[in-house]
Amino acid sequence: MAVRLSDGEDLTPEAAINITPFIDVMLVLLIIFMVAAPLSTVDVPLDLPVASGRPQPRPPEPVVLSLSADKGLMLGRDPVTPTDLPARLAEATKGDLATRIFISADKSVPYGEMMGLLNQLRAGGYLKIGLVGLEEATP
């Protein structure tokens with residue numbers, strides 16, 4: 001059995017770096033971040049701040065629609081039923097659909113009730129709606 005040994009030129013070290021393991025590790029990390037990123041945004045508790053902007057001037061005779069905690073509607077200071085609301089709004093706005101309607105609602109009113117009221121106003125043609133809230137107390 002004869003072994004042929006070369007003159008040593010075949011066994012010289014290579015100067016190039018093998019980057020295949022580096023690419024494999026980077027792809028695994030990319031997959032981990034792609035899977036973990038959507039999971040980090042689930043059930044985020046929010047504590048929204050109070051608006052601190054300057055309030056806009058009120059019109060001389062604003063049309064205010066109030067939704068109380070017991071789901072009762074008030075147009076100004078007068079109670080109104082949901083069936084009478086379109087006629088009473090037309091009377092209060094003098095038929096002008098461009099009149100801004102201000103809505104104030106108790107904070108215990110369910111979101112679905114508020115959206116139902118907004119949908120009823122939108123179906124009636126009133127698209128300029130303002131939400132009334134408390135102003136932040138400035139020191």
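Modeller: Keep in mind that this is a predicted model. It has an open sheet of five strands, in the order E3-E2-E1-E4-E5, with mixed pairing.

Biologist: Which strands are at the edges?

Modeller: Those are E3, residues 78–80, and E5, residues 129–131. Each of these edge strands pairs on one side only.

Biologist: And how many degrees does the twist average from one strand to the next?

Modeller: The average is 30 degrees.

Biologist: What packs on the sheet?

Modeller: Helix H3, residues 111–123, does that, and it touches E1, E2, E4 and E5. The direction of H3 makes about 165 degrees with that of E4.

Biologist: Let's talk about E1. Is E1 mostly covered or uncovered?

Modeller: E1 is mostly covered, with five of its five residues buried.

Biologist: Which of them point which way?

Modeller: Val63, Leu65 and Leu67 point one way from the strand, while Val64 and Ser66 point the other way. Both groups are buried.

Biologist: In what sense do E1 and E4 pair?

Modeller: They are parallel, with five bridges between residues 63–67 of E1 and residues 101–105 of E4. To find your way along the pair, look for leucine 65, which stands opposite isoleucine 103 in E4. Leucine 67 has alanine 105 as its bridge partner in E4.

Biologist: What about leucine 67 and E2, which partner is there?

Modeller: In E2, the bridge partner of leucine 67 is leucine 73. E1 and E2 run antiparallel and are joined by three bridges.

Biologist: How many residues lie between E1 and E2 in the hairpin?

Modeller: There are five. Lysine 71 sits in that turn and has a positive phi of about 65 degrees.

Biologist: Changing topic: how many salt bridges does a search of the whole structure find?

Modeller: The search finds one. Aspartate 78 forms a salt bridge with arginine 88, and their closest N and O atoms are 3.8 Å apart.

Biologist: Where are these two in the chain?

Modeller: Aspartate 78 is in strand E3 and arginine 88 is in helix H2, residues 85–93. The two are 10 residues apart, and the pair links distant parts of the chain.

Biologist: Why does aspartate 78 count as partly exposed?

Modeller: Because its relative accessibility is 42%, and partly exposed covers values between the 20% limit for buried and the 50% limit for exposed.

Biologist: And arginine 88?

Modeller: Arginine 88 also counts as partly exposed, because its relative accessibility is 24%.

Conventions
Residues are numbered from 1 along each chain as its sequence is written. This is a predicted model: local features need pLDDT of at least 70, side-chain atom pairs count only at pLDDT 80 or more; totals for chains, interfaces and linings use all residues. Side-chain values use heavy atoms; hydrogens and water are left out. Two strands pair if DSSP finds at least two bridges between them. Helices (H or I, at least four residues) and strands (E, at least two) are DSSP runs, numbered from the N terminus. Axes are lines fitted to C-alpha atoms, for helices over the stretch in contact, and angles run from 0 to 180 degrees between N-to-C directions. Contact means heavy atoms within 4.5 Å. Buried means under 20% relative accessible area, exposed over 50%, partly exposed in between (1.4 Å probe, protein chains only). A salt bridge is a side-chain nitrogen of Lys or Arg within 4 Å of a carboxyl oxygen of Asp or Glu.
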